[in-house]
Amino acid sequence: MREEKSNNPSLPKKPSKKQTWLWPAIYVGFSLLFVGMIWGYNAFIGPDSEVADGPRTEVDGNKGGEKIAVTAQKESMKFPFDEAMLDHMTILQDFYDVNATEESQENSLLVFNQTYETNNGVSISIDGAPFEVVAAMTGTVKEVNLDPFLGDEVVLEHEDGLVTRYRSVKEILVKVGDVVPQGKPLATTTENDFNATAGVHLQFEVFDNGEAVNPGTYLAF
């Protein structure tokens, strides 16, 4: 006798082959897409995030792209002579400051032929003897001026608009355009006709964006 097909709706239907692999395939596809998006995002922002989160780096082309950390530290001004001689230093004339004491102002006047001129820097002597003048900061030689009356001078240009001037020197060792590191010898102190009463000395001046400032702002004069 032929078996009759059951029409009972309560009996479960056997899933088709199409249904058994469709949803797992969709799940795997979305998973791969999600992983790919994360990998692509990290690859895109990776180099920038290293710079933002850590020290700035530069690529050394001579070492196959090896990254070397760059540490930029602002240089502080030092005395324009060997600091081992600091105990023998004397300030012959001060920087003229309108807010300074009357005594300091009197000591900052330069006199020539009964004419007074305010001092734009400090006049430095070390036991009245010649001494080696060195760069107070790393900089570029902007000027080398030869003047028997005022005294020969070297002018250095530095970062942040600073300029240092070293006057009343001889035997100059640098030329215009030279880049000199801090502490490099520049010349030797001598006398000049304008400030003859000072004898052998260094006239040291500092300018900030073209304006003379007290070297004592940077150094313990």
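Good morning. In the protein chain, 59% of the contacts with a separation of 6 or more are between residues 24 or more positions apart, where contact means heavy atoms within 4.5 Å. Please note that this is a predicted model, in which local features need pLDDT of at least 70, side-chain atom pairs count only at pLDDT 80 or more, and totals for chains, interfaces and linings use all residues. Residues are numbered from 1 along each chain as its sequence is written, and side-chain values use heavy atoms, with hydrogens and water left out.

Let me begin with the chain as a whole. The secondary structure comes to 2 helices and 14 strands; helices (H or I, at least four residues) and strands (E, at least two) are DSSP runs, numbered from the N terminus. Of the 221 residues, 29% count as buried. Buried means under 20% relative accessible area, exposed means over 50%, and partly exposed lies in between, with a 1.4 Å probe and protein chains only.

I turn now to strand β13. How many of the 7 residues of β13 are buried? The count is 6, so β13 is described as mostly covered. Which strands pair with β13? Two strands pair if DSSP finds at least two bridges between them. β6 runs antiparallel to β13 and is joined to it by 4 bridges; here Val122 has Phe204 of β13 as its bridge partner. Strand β10, residues 162-170, also pairs with β13 in the antiparallel sense, over 6 bridges, and Arg167 has Gln203 of β13 as its partner. Finally, strand β14, residues 211-213, makes 3 antiparallel bridges with β13, and Phe207 stands opposite Ala212 in β14. β13 and β14 form a hairpin with 2 residues between them, and Asn209 in the turn has a positive phi of about 50°.

The largest nonpolar core has 28 residues, and Ile124, Leu156, Tyr166, Leu202 and Phe204 have the most contacts inside it. Two or more residues of this core come from each of β6, β9, β10, β12 and β13. A nonpolar core is a set of buried Ala, Val, Leu, Ile, Met, Phe, Trp, Tyr and Cys residues joined through side-chain atoms within 4.5 Å. In soluble globular proteins, nonpolar side chains tend to be buried together.

Asn119 is found in the loop between β5 (115-118) and β6 (121-126). Is Asn119 buried or exposed? Asn119 is buried, with a relative accessible area of 1%. A polar atom of its side chain lies 3.1 Å from the backbone nitrogen of Gly121. Not counting residues up to four places away in sequence, Asn119 touches several residues, including Tyr96, Leu110 and Gln203.

My last topic is the aromatic rings. The structure holds 4 aromatic pairs. One of them joins Phe79 and Phe81, and is tilted, at 5.5 Å centre to centre and 40° between the planes. Rings of Phe, Tyr and Trp (its six-membered ring) pair if their centres lie within 6.5 Å; planes under 30 degrees apart count as stacked, over 60 as edge-to-face and the rest as tilted. Phe79 is buried at 10% relative accessible area, and Phe81 is buried at 2%. Phe79, Phe81 and Phe131 form one aromatic cluster.

Note on methods:
Polar contact = N/O pair within 3.5 Å; in protein donor to acceptor, adjacent residues only side chain to side chain.
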